[in-house]
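Work through each one with the structure open.

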Amino acid sequence: MAAVRPSAERQRGDEAEDPDGGWGWVLVAALFVSTSLVFGLMRGLGVFFVEFVQYFEESAQAISWISSTGLAAQQFFSPLGAALSNAYDTRLVVMAGGCLAGVGFILASQATCLLHLYLTMGLISGLGWGLVFTPMVATVMASFTRRRTFALGLAFSSIGLASFMFNPLFQFLVETYAWRGALLVLGGLSLNIVPCGALIRSRRRTKGPAKEEAQGTSACGGTLRRVASYLELPLLCERPFVTYTIAITFLNVGYFVPYVHLVAHSRDSDFSEYQAAFVVSAAGVADIFGRVASGWFSDLGRFRLIHLLSFWTALTGLFIMLLPVSTLWGSYVGLVAVSLLYGFCAGALTSLAFTVVPIVAGAERVMGALGLVQLIESSAGLLGTPLSGLLRDVTGDYMASFMVSGSFLILSTLTMATLPHYFSRTDPEFPATAENAEAQRLSSETDGTNALAADATD
Amino acid sequence: MFPLLREKTRNNRITVIVMRASWMLLLLACCGNGNTKTVGQSAHPVESDALLPADARSVVLKGKSHTDKVDVASPMNLTLGCTWTGNGKKLLNVTGYWLKDGRPVDNSHVTLQFENQQVQLKRMFVIKNEENLGRYSCMFGNEAKADFILAVPHIGDVRDKPVVSYVGDSVVLVCKMDDNKPNPKTWLWFRANGTDKEEIATVAEPQKYQVQNAGKVTKLHVHNLTQDDSGLFYCGAMFTIGMAVSHLELKVITIYEPLKPFVAIILEVLVLVAAILLFERSQSKKGQVQEGEEVAKAEPPATNAEPPAINVEPPTSTSSATPPGESQGLEETLSARQRKS
């Protein structure tokens, strides 16, 4: 027993005490690479769609379902990735995810019909991506305390940079090897996620075995309870977490709309193809800056993270609503200006949306919490873009769809304001958070009692 | 053939229409092989030619020269006009005439008077077949000229990069006419055969070639590709007047082409993973050796004091960042102790 206690508190202390630096930055680099290979890759698939439409002779909508399936699978399998990381080893889960993502594309290169592409590029690769993203983000978040938002912002900036690099690269691959060869090479590229996963330090979580000892009831009930604890399902009964998830879901309804419809809206406003593409690129560049700058600023600690998140979300909603207004006067400069502002704010809120999760869910449950948030917000993503497309078809222009998207973001801000202790100066006290444990570690006397208490409540 | 046509139609218009239809079929059949090379166009309006659709193109010539492209898909009476504003030198009159492909047009020399400091030259040309297409220039003495390039509508957006496909796979070659151009009568596909173009017999080999024509778009499906299928393909848009041709290059490659970069990337991934794992193994071995010594030293004293002691002791770590191998070693020894107890 004496040996168990030190190891348990050592484990918790290990995670909480992980300093902001050293290996943490290596993990940030790993997250940088793997995020670019997941989301950057997803964004670059547009090059293939033209080829698919011609080869398979299907409609553009049927082809676009490939990408939607991939994204939906990534978000749907996020809780699975989180649960497996909780139960087993994060490193193995991420490496397996990387292998699956690569295999999906390699198999896709042999596709003979559209269904094959849905199953390989959509389902298999999506499953792989789901096993990669959430565990890696949770690992990086666990490795930082003071510079968490900056580290995440830095890592997520890879998405924007990757889409700049990948578009010409994919174009070159398709022109040289046709889509089959290009998909094969992309499968190989995706396998680079495996070394990123290997960089995660192999660490056995003690949660599983501890739980098994605690409730030694019937095998079925015990397994269900274990699975529920890996998935962190009890979180769904807690008001802060549920409120926050609803807020993020509203955010996701409106967030992607400009990226999808901005080009079409610019073309509708009588700007040329190049001008429209430039507007989106400008927003993308501003997005990168927003991520890093907001990450650095948030870590200064001047404001509560939740307040900053509400601020950026409200601003993003405002600028989305301003987008159709800026084109009313036919001013190209106005459109570019608003797009830059939108891009900056949209990037700024991204990393904050992740770093608020430990505040509402507690540092130990971050892995499962992230998985659940991703799963629930996936419904918003599937809903948002088609809804705005429908509004556009019904009303004839993009004014209504942008207004509705922006208003969803404002709604998200209002929902965040209903979080408990929203208007207080400091973050609410959370039992047995990593920060709390770290603060109390300074006195070794209380250390043992705290660890025991945490063990008991788990 | 043409004088004969004119003679007959002076008498009977219906005969004209019938003759015109059969004459057009003849034109299609001989694909515009040159009949007469007459440059002279009729100046006096003839009833037969009056039944052709009429169109006009004019240009205002400000500088010394100007070029205009005119798409002609079917026979028509085309009136070309040029207006010249003079070149600053006060001239009273100028000789205007027409050139076709650099050769003067018969009976086209006119002396023009300047009215309101501009002169106008206009002429109707009968465009009946491919011979009548070309470069028509209206000349104002030697001072200024305007070119009208009459041609069959060109096939737009030519793909300059080759279409790539694999041995055994099938490919679709597409030729598309711009939306603002007229629909071709039909489409034809050719393969390069040496320096010549040879028509693809799509009817003869239906398993290999399939053609889908839909107005402005034509698609050639080629199945069961082999290396021999690599090369230039030509699509021809057939109009009443003539044919516009565009080319596509097809490249057939084997699966080994993309396998080369793929294998290179796989090797790189394996090397990286091996390097990372080996690095970790070596770090943990170092850590384990040190830990073994420290654990042996630290075990006898009280259990409470142990965790901080192990944390602080390792002499090699100077910064607060514990090297990965170190804590790996720590955990391994801790779990080993757990198992022991």
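**Exercise 1.** To which residue does a disulfide join Cys175(B)?

Solution. The model is predicted, so local features need pLDDT of at least 70 and side-chain atom pairs pLDDT 80 or more, while totals for chains, interfaces and linings use all residues. Residues are numbered from 1 along each chain as its sequence is written, chains are lettered from A and ligands numbered from 1 in the order in which they are written, and side-chain values use heavy atoms, without hydrogens and water.

A disulfide is a pair of cysteine sulfur atoms within 2.5 Å. Cys175(B) is joined to Cys235(B), S to S 1.8 Å. The torsion about this S-S bond is -80°, a left-handed link.

**Exercise 2.** Find the disulfide of Cys82(B) and state its handedness.

Solution. The sulfur atoms of Cys82(B) and Cys138(B) are 1.8 Å apart, forming a disulfide. Its S-S torsion is about -130°, so the disulfide is left-handed.

**Exercise 3.** Are Cys82(B) and Cys138(B) buried or exposed?

Solution. Buried means under 20% relative accessible area, exposed over 50%, and partly exposed in between (1.4 Å probe, protein chains only). Cys82(B) has 0% and is buried; Cys138(B), with 0%, is buried too.

**Exercise 4.** How many disulfides does the whole structure hold, and what is the pairing in chain B?

Solution. A search over all chains finds two. With the bonded cysteines of chain B numbered in sequence order, the pairing is 1-2, 3-4. Cys196(A) is in no disulfide: the nearest cysteine sulfur, that of Cys99(A), is 12 Å away.
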